[in-house]
Amino acid sequence: MNPQSNVFWYGFVIPTLLIITFESNDLVKAQASTNTVIGAGVSGLVTARELQGEGHQVVVYEKSDQIGGIWVYDPKVESDPLGLDPNGDVVHSSLYNSLQTNLTTQLIEFTDYPFIVSKNNGKKVCFPHHEEVLKFLNKFAIDFGLNQLIRLNSEVINVEQKDDHWIVESKTRGELDSEELFEAVVVCNGHYTIPKLIVVVIGYGPSAYDIGIEISKAAKEVHLSSRFPQVKVTKMDNCGNMWLHKEVEYCYENGEIASKKDGAFVDADIILHCTGYKYDFPFLNTKGIITIDDNRVDPLYKHVFPPQFAPTLSFVGIPSRTVNFRMMELQAKWVAQFLSRQVTLPSREKMLADVEEYYRLPDETGIPKHHTHTLPFGVDAVRLM
Ligand SMILES: Cc1cc2nc3c(=O)[nH]c(=O)nc-3n(C[C@H](O)[C@H](O)[C@H](O)COP(=O)(O)OP(=O)(O)OC[C@H]3O[C@@H](n4cnc5c(N)ncnc54)[C@H](O)[C@@H]3O)c2cc1C
């Protein structure tokens, strides 16, 4: 092992730059570095574990006062529910109190770390309540010694590349911290907080369906609407008073909602926006190299690496409608291996060409651009066809 002393650069200290050489039977050489992870939700925690496992030094910034990300339930309601006020308060978690997972415990555990199923009057719980997911994540953090890597109440406000390093600016409890330098940055800030504005569509994602079922127990009628072109107007099988419609086209002041494509007019008392969330990296300053347009993060090779900055800048947790925990774990392992130079990425040109081809598919097949990172319904599904 060959630890170098702190390196001074532009007046800042690079927190202990370590070049570690592992000697194994086949004398594989690996390089370890100081990396930062932004966010301590599922993706941040599993990324921190994988990086640490590869011998990297890791600092995790977490803006809230506890780990777990969206699994930290917050009963508060935002003062500006439409999110129009840029200075309005933001509640990170969009969980509702009754939420149980929509995937079984086998799909919300990690490959080598099982979700311990709790008992409910002797019955196994397949779809645990959100509180149990948070307990699972806290235990995961303790068991892998991650808490000591995490800086709670520390919000990253700016990330910029300078020469071979990344400058990270942060605030702890509102006070500016000194800037720090890292060799690599993994963005794990989640994308289930900022609602997409403000189309009057009830939506047909997992939350819309979940909430629809719940409301249908008390409401006379529940109508869901979906933008997917294949949708046919149907009465939902498992619920006598719930209908699925095509896209909402008009919402009149008197509350009437029209979906002309299927000829439906519904006189709604309540309109719920379950229209999904937006990607947002307000702290990331790439001078326009990475853009977000219609919820497409561009360019991202395999949804993880922006070719121009790979492998020192990466994103874990971008795809949606997938087996999130396992996907994030695999992405985290992938990133950790690239940063250890165990595996190498294709050339920048090849990655850019791959992204270009991948992003062209939705345009050619009529899949809305905002589904670029939606795995089962998005571009990947078309590729598999
Ligand atoms: C209502 C709802 C239900 C869901 N149900 C399921 C389910 O049943 N099963 C499933 O697998 N998935 C479910 N998901 C998806 C779920 O979001 C992911 O599984 C996963 O928890 C996302 O983890 P994450 O780490 O990417 O993001 P998050 O959990 O959002 O964590 C991001 C973290 O980054 C921190 N952060 C953000 N910005 C900064 C900054 N600038 N500086 C420092 N820290 C920052 C945040 O405070 C947060 O702690 C659900 C999502 C929602 C919204």
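**Sheets and ligand shell**

Within β24, L313 is the bridge partner of V185. That pair belongs to strand β14 (residues 184-187) and β24, which run parallel and are joined by three bridges. The model is predicted: local features need pLDDT of at least 70, side-chain atom pairs count only at pLDDT 80 or more, and totals for chains, interfaces and linings use all residues. Residues are numbered from 1 along each chain as its sequence is written. Helices (H or I, at least four residues) and strands (E, at least two) are DSSP runs, numbered from the N terminus, and two strands pair if DSSP finds at least two bridges between them.

**The parallel sheet**
- Five strands make an open sheet in the order β9-β6-β5-β14-β24, with parallel pairing.
- β9 (150-151) and β24 (313-315) are the edge strands, each with a single partner strand, so one side of each has no neighbour in the sheet.

**The antiparallel strands**
- Eight bridges link β10 to β11 (residues 165-172), which run antiparallel, and Q161 stands opposite W166 in β11.
- β10 and β11 form a hairpin with two residues between them, where D163 in the turn has a positive phi of about 50 degrees.
- β11 also pairs with β13 (residues 180-182) in the antiparallel sense over three bridges, and there F182 is the bridge partner of W166.

**Around the ligand**
- The ligand is surrounded by 33 residues (C-beta atom, placed from the backbone, within 6 Å), and the closest are G39, G41, G69, G190 and G317.
- α1 (42-53), β10 (154-162) and α4 (324-339) are the elements that give two or more residues to this shell.
- α1 contributes the largest share, three residues.
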